[in-house]
Each structure stands twice: as C-alpha cells, then as structure tokens.
Amino acid sequence: MNSSMLFRAEVFADFSSEPILIPVIISLLYGGIVSLGIALLFFYTGRYIIGGSSPDAALIVIFIVVCVVSLARSGFMRWQPYQRLLIALGLVVMAEYISRMYQAALQSREGLLGAFTFSPNLALYLVAMTLIVLFMEMVIKSKQSQEQMLASEKMSAAGQLASAFAHELRSPLTVVRGYLQLALRGLEGEDKRFIHLSMSELNHAEYVIHDFLNFARPQVEKVEDVLICDVLAQIQESMSPLVVLHEVDLNMECEENLWIRADQLKVRQALSRIIENAIEAAGGGQVRIKGYRESEYICLSICDNGKGMSKKELEKLGTPFYSTKWKGTGLGLTVSFRIIQAIFGHWSYMSKKGKGTKTIVRLPPRPAAEAPCAESSIL
C-alpha cells in the first residue's frame with residue numbers, strides 16, 4: 001500500500017487515478033485526523049523525494065473525500081465488522097468516481113459520462129480495500145481478545161482477594177453483632193442510641209462484604225424463566241424513594257414477551273445498580289428505560305440526561321474498586337457486570353460530558369418456543 005501512495009496508476013491513456021484515496025479513507029476511518037495527517041505527510045514527502053512533484057489538483061479531490069468520510073466516521077466503530085467493510089467499500093467507489101468526475105471536468109464536459117464506467121482499476125481498489133479492512137479487523141479483534149484476557153486475569157485475582165477478605169471479616173463481625181445485641185438489652189437513653197448507631201454501621205459493613213462475595217462468586221444459583229417487564233416493575237417500585245429524593249422523572253417502557261432464563265434475584269440486583277446510578281447521575285433530570293428485542297438479544301436501554309462521563313472515566317467504568325462517588329466502594333457496577341457476564345450477556349456505555357449517559361444491556365433470550373405467553377405493560 002505504501003508504494004501505491006507514491007506512484008500514479010494509469011487506467012486509460014487519458015486518465016490517471018490516485019491510490020492515495022485508499023490510505024486516506026482507511027487512516028481516517030480507523031485512526032482519525034492524526035493518522036490521516038501522517039498518511040498525507042508520508043505521501044507528499046515521498047513524492048517530493050522521488051520525483052520532486054508538488055501538491056497538485058489531487059488535493060481538491062482528497063479534501064472532498066475527507067469531508068465525506070468524516071461524516072461516515074461518526075459511529076463507525078460501533079457498527080459490526082461486516083458493516084464496516086461495506087461502508088469502506090462504498091466510500092472507495094464514491095472516492096473513485098469523485099476523482100474521475102473532477103479530472104474529466106478539467107479535460108472536457110463530454111468526458112463526464114465516461115467517468116461513470118466501471119474499470120478494472122476500480123475492481124482492484126475494491127479488492128485492496130477488502131484485504132486492508134479484513135487485516136484491520138483482525139488486528140482489532142486480536143487487541144480486544146488480549147484486553148479481555150488481561151481483564152479476566154485481573155478480575156480473577158481480585159475475586160480471590162475479595163473472597164478471602166470477605167470470609168475473614170464476616171466471622172468477627174458476626175461475633176461483634178451478637179454481643180451488641182446482648183448489650184442492647186436493658187439499655188436506655190444515649191447508651192441505647194450509641195448501640196443502634198454501631199449496629200447501623202455493622203449493617204453497612206455487611207452490605208460491603210456481600211458485594212465482595214458477589215464479586216468473587218457471580219455465578220447464577222437458581223435458573224428460572226424471567227419476564228423482563230416484571231423485573232422492571234419491581235425495580236420501579238423499589239426505586240420510588242430514590243426517585244423522589246433526587247427529583248427524577250423516571251419513565252419505563254417494555255415490549256411484550258421479553259423472556260430470559262436466569263436467576264431473577266441476580267438480574268434484578270444487576271439492573272438495580274445500573275438504574276440507581278442513572279437516577280443519581282440525573283439528579284433533577286430524566287431517566288428513560290426501555291426493554292425491547294433486537295436481533296438475537298433482549299435489550300435494555302437506560303438513558304439519563306445527567307452530567308455524563310469523560311472518555312477516561314468510561315474506560316475505568318466497572319473496574320474493581322473504582323468509583324466516581326465519594327461513598328462508593330467501586331464494587332457496585334463491577335458486581336452488576338459480573339452477573340451479566342455470568343448469564344452470557346453484554347453491556348455497553350455511551351456518554352458525553354454534560355450530555356448524559358446511555359447504557360445498553362443485552363441478554364440472551366429464552367427460546368421463543370419454550371417461553372410462556374404473557375401480557376406486557378407500559379410501566
């Protein structure tokens with residue numbers, strides 16, 4: 001590909017094409033503006049060294065192509081690999097015909113019709129783009145696999161530490177709780193209030209230990225048929241005090257017959273943590289939750305219009321012991337993600353500072369033939 005950036009490829013006797021358009025498209029789609037600048041710098045530096053040529057009319061074509069590709073780049077990496085391939089091939093065809101039309105217009109208006117003919121050179125470009133995109137996708141997949149393996153190893157080590165830590169603390173805390181309950185008998189006034197405060201703090205400590213154990217052992221204990229709308233209704237009812245406290249407009253909507261096979265309590269726990277974070281982030285704003293079917297998954301979309309998160313915060317989200325809340329233990333979302341992972345689900349976050357956050361949870365459905373019929377409701 002590098003050599004194609006330095007030399008022009010003659011298509012017909014009266015037409016020459018710019019192979020630089022392929023590196024321009026690839027570098028901008030997969031790397032961004034910086035990668036595009038490096039590709040163009042290499043191209044024109046190489047041209048100058050070997051031939052002494054200066055920037056020419058191709059810059060105008062490149063500028064047009066860059067503008068069009070920039071529009072396609074928005075959300076490009078969120079598409080599936082085969083969709084990214086189709087987009088890249090479409091951009092190659094578009095760039096080739098833009099180049100042809102521009103060069104034909106410089107020569108004669110009559111040549112514009114001939115610019116739309118299919119040529120072997122275009123076929124070669126499509127093959128080259130296909131190979132390049134497949135290579136890029138292989139690199140991306142390899143990198144993702146390495147990151148997942150590293151994250152899995154970290155989670156496993158942290159889980160073992162959390163399990164040992166929780167078990168070591170649970171026994172002495174149980175003893176302390178027992179003696180405090182005995183000491184509570186017959187106490188009045190300030191002494192009784194102090195014991196109650198101590199018991200309250202012990203309850204908080206046990207809550208944290210429970211999180212540690214869930215983080216260490218997220219496996220599903222009881223598999224049953226779960227209707228997502230029922231889970232959302234239960235969460236909405238339990239979240240009512242929190243919604244009032246934060247003055248949030250909470251709206252839940254669910255399509256009918258969204259059945260999954262999982263541990264209902266675990267699923268509710270995982271979704272409750274995610275929705276709780278959305279409510280706290282919205283603080284006086286809105287939270288929209290929607291359950292729907294998408295392709296082979298049951299999806300839950302949780303959107304808030306809160307303060308949002310930076311790219312750096314998004315990258316750390318779900319990392320053990322990382323929290324943006326000053327009272328947080330950094331295990332809430334981690335436990336939720338581990339539960340979702342245990343039932344073979346997936347999750348994704350999209351957020352922008354000052355614009356809010358959108359969470360999408362994808363869960364595998366129960367086979368439709370086995371799912372019981374049930375009426376859904378708009379919550």
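Predicted model: local features only at pLDDT ≥ 70, side-chain atom pairs only at ≥ 80, totals over all residues.
Let's start with a contact: Arg-84 and Glu-137 form a salt bridge, with their closest N and O atoms 2.7 Å apart. This pair links distant parts of the chain. Arg-84 sits in helix α5, residues 81-107. Glu-137 sits in helix α6, residues 120-184.

How many salt bridges does the structure hold? Four. Here is another one of them. The side chains of Arg-288 and Asp-249 meet at 2.9 Å, N to O. Arg-288 lies in strand β6, residues 286-294, and Asp-249 in strand β4, so this pair ties together parts 39 residues apart in sequence. Buried or partly exposed? Arg-288 counts as partly exposed, at 31% relative accessibility. Asp-249 is partly exposed too, at 37%.

Next, Lys-353 and Glu-313. Their side chains form a salt bridge at 3.8 Å, N to O. Lys-353 is in the loop between β8 and β9, while Glu-313 is in helix α11, residues 311-316. They are 40 residues apart.

Now the cysteines. A search of the whole structure finds one disulfide. Which residues form the disulfide? Cys-229 and Cys-254, with sulfur atoms 2.2 Å apart. Cys-229 is in helix α8, and Cys-254 is in strand β4, 25 residues away. The torsion about their S-S bond is about -100°, so the disulfide is left-handed. Cys-229 is buried, at 3% relative accessible area. Cys-254 is buried as well, at 5%.

Two further cysteines to look up. Cys-67 is partly exposed, at 37% relative accessibility. Cys-299 is buried, at 0%.

Note on methods:
Residues numbered from 1 in each chain as written. Heavy atoms only, no water. Disulfide = S-S within 2.5 Å. Helix = DSSP H or I, 4+ residues; strand = E, 2+ residues; numbered from the N terminus. Buried < 20%, exposed > 50% of the residue type's maximum accessible area, 1.4 Å probe, protein only.
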